[in-house]
Amino acid sequence: MAASVPISEVKGNTRENRTAAHSHIKGLGLSNGYATPSGGGFIGQAAAREACGLVVSLVQKKKMSGRAVLLAGGPGTGKTALALAVSQELGTKVPFCPIVGSEIYSAEVKKTEALMENFRRAIGLRVKETKEVYEGEVVELTPEEAENPLGGYGRTISHLLITLKSAKGTKKLRLDPSIYEAIQKERVRLGDVIYIEANTGAVKRVGRSDAYATEFDLEAEEYVPIPKGEVHKKKEIVQDVTLHDLDVANARPQGGQDIMSMMGQLMKPKKTEITEKLRLEINKVVTKYIDQGVADLVPGVLFIDEVHMLDLEAFTFLNRALESPLSPLVILASNRGLTHIRGGENLPPSAHGIPPDLLARLLIIPTHPYTPDEIRRIVETRTKTEGLAITQPALDKISQLGEKVSLRYALQLLAPASVLARVSGREGGRIDLDDVTECEGLFLDARRSAENLGQEKGFIA
Ligand SMILES: Nc1ncnc2c1ncn2[C@@H]1O[C@H](COP(=O)(O)OP(=O)(O)OP(=O)(O)O)[C@@H](O)[C@H]1O
Ligand SMILES: [Mg+2]
């Protein structure tokens, strides 16, 4: 007798969401430029949020490139969260490149090279091309087979018959087998709306025809109307790339000089060194095409967190890079007061760990410590995002810790406390005061741990 195959039902298809440190932040939470009390998951810090809102609108108007903003404030005052909210407000069409100061140190690439690369990742180029395409809903898709020309028993696809339907008519096309592969790769099936580029044979699936919109579907589908006009037509196609994409794609000897072949290289990534000369060449071509109106420059944002990790050399480079005509908005964040700059230990300490000449060019947005009430509301928001239940006394205790120790420490205690609550079998896994106190004993904060060092032996000094 055959063994039975175990089959189990999948209950729902909502994935269990992972919560990261900033999962509760959904945006700056502004209305008409003013901060709402708890908009976008953000609580308090109103002035800084409004300032960031201004920065966002300047970036959108392309008036911010080549400038730099510094978020300055103590640890846990929401600097990283603010930068993240800025990127969410800008949307996916504006490049946002986040790095941490220490990322530029690697054995393989010079630190100025690493910085330059990230600068160019933060500058986008929107290329508009008018292409000759065949566009429509797929109403027939028949691969035609033939005897294998090399003999043997196998059969090969000799060509593909495809019928496309648009609002104005239908067209039957006979395609090369190589396009069949592209069609399979895009997972095109009957009822999809696609277009095929006439020159290159590239196939792009636009979505599912909305004639099928009622059909039961597990996956989220994008339904699109049947294309207007004829099947065979000229269509404007918009593509977003960053300058870094172009650098990488053209870091090979046979890179073409016009923008279309530069874009064409995108599909064949291969690593070679990107030289200063190549970048200048690319800048030249890009500027030419911007002037001709073929491409639009979309200066984005480069965010350098923990900027005090940069050294003197990197800061000097930053100064210069900000002055180049193709430069993004640079947002820096630092939690330092007066400190020595890396590589400048013989110089007097400077504010925020940033050299005075760079500091003088920055717009500085301060972030301030939170009031007990704000801390309480942040903790509450976090418990909701993490899907936890908590009693009032436990919430009070965690908020107190946020005040006395740090917001970060308080937020980090939530997850382990909820595990303890479940282990001790509390109703609905609700975190109680005892769980918080137990967690506080199990996990030290930075200050207590440092104090312990003074008393305990066994560490290597
Ligand atoms: N105003 C706020 N509203 C809601 N959550 C906040 C707010 N400010 C900070 N947080 C949350 O508190 C935690 C610490 O904030 P964040 O990491 O942004 O601090 P930071 O200023 O970058 O600190 P550091 O200087 O140590 O890097 C994060 O989980 C963040 O999402
Ligand atoms: Mg931070």
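1. Leu 125 is found in strand S5, residues 123-147. Strands here are DSSP runs of E with at least two residues, helices are runs of H or I with at least four, and both are numbered from the N terminus. At 1% relative accessibility, Leu 125 counts as buried; buried means under 20% relative accessible area, exposed over 50%, and partly exposed in between, with a 1.4 Å probe and protein chains only. Leu 125 and Leu 246 are 121 residues apart in sequence, yet their C-alpha atoms are 9.5 Å apart in space.

2. A note on the basis of these values. This is a predicted model, in which local features need pLDDT of at least 70 and side-chain atom pairs count only at pLDDT 80 or more, while totals for chains, interfaces and linings use all residues. Residues are numbered from 1 along each chain as its sequence is written, chains are lettered from A and ligands numbered from 1 in the order in which they are written, and side-chain values use heavy atoms, with hydrogens and water left out.

3. The chain as a whole. The secondary structure of the protein chain comes to 14 helices and 17 strands. Of its 461 residues, 41% count as buried. Among contacts (heavy atoms within 4.5 Å) with a separation of 6 or more, 66% join residues 24 or more positions apart.

4. Helices H1 and H2. Two packed helices are described by the angle between their axes and the distance between the axes. The axes of H1 (residues 46-60) and H2 (residues 79-90) come within 10 Å and cross at roughly 40 degrees. Axes are lines fitted to C-alpha atoms, for helices over the stretch in contact, and angles run from 0 to 180 degrees between N-to-C directions. The crossing of H1 and H2 is right-handed, that is, the near helix is turned clockwise from the far one by less than a right angle, anticlockwise being left-handed. H1 contributes Ala 48, Arg 49, Cys 52, Val 56, Val 59 and Gln 60 to the contact, and H2 contributes Leu 82, Val 86, Glu 89 and Leu 90. By class, these are 7 nonpolar, 1 polar and 2 charged residues. Ala, Val, Leu, Ile, Met, Phe, Trp, Tyr, Cys and Pro count as nonpolar, Asp, Glu, Lys and Arg as charged, and the others, Gly among them, as polar.

5. Helices H3 and H7. The axes of H3 (residues 111-121) and H7 (residues 276-291) come within 13 Å and cross at roughly 15 degrees. H3 and H7 are therefore roughly parallel to each other; that term covers angles under 35 degrees, with over 145 roughly antiparallel, 65 to 115 roughly perpendicular and the rest oblique. Their crossing is left-handed. Glu 113, Met 116, Glu 117 and Arg 120 in H3 meet Arg 279, Ile 282 and Asn 283 in H7. The residues of this contact divide into 2 nonpolar, 1 polar and 4 charged.

6. Helices H3 and H8. H3 also packs with H8, at an angle of about 35 degrees and with the axes 10 Å apart. The crossing of H3 and H8 is right-handed. From H3, Lys 111, Thr 112, Leu 115, Met 116 and Phe 119 meet Glu 313, Ala 314, Phe 317, Leu 318, Ala 321 and Leu 322 of H8. This contact has 8 nonpolar, 1 polar and 2 charged residues.

7. Lys 111. This residue is in H3. Its side chain makes a polar contact with the side chain of Asp 311 at 2.5 Å. A polar contact is a pair of N or O atoms within 3.5 Å; within protein, one must be able to donate a hydrogen and the other to accept it, and residues adjacent in sequence count only if both atoms are side-chain atoms. Beyond four places in sequence, Lys 111 touches Ile 104, Tyr 105, Asp 311 and Glu 313. Lys 111 and Glu 313 are 202 residues apart in sequence and 8.7 Å apart in space, C-alpha to C-alpha.

8. The buried side of H8. Which residues of H8 are buried? They are Ala 314, Phe 315, Phe 317, Leu 318, Asn 319, Ala 321 and Leu 322. Their cover includes strand S3 (68-72), H3, strand S13 (301-305), S14 and helix H9 (356-359).

9. Ser 327. This serine is in the loop between H8 (312-322) and strand S14 (329-334). Ser 327 is buried, with a relative accessible area of 3%. Leaving aside neighbours within four places in sequence, Ser 327 is in contact with Ser 65, Gly 66, Phe 119, Ile 123, Pro 299, Ala 321 and Leu 322.
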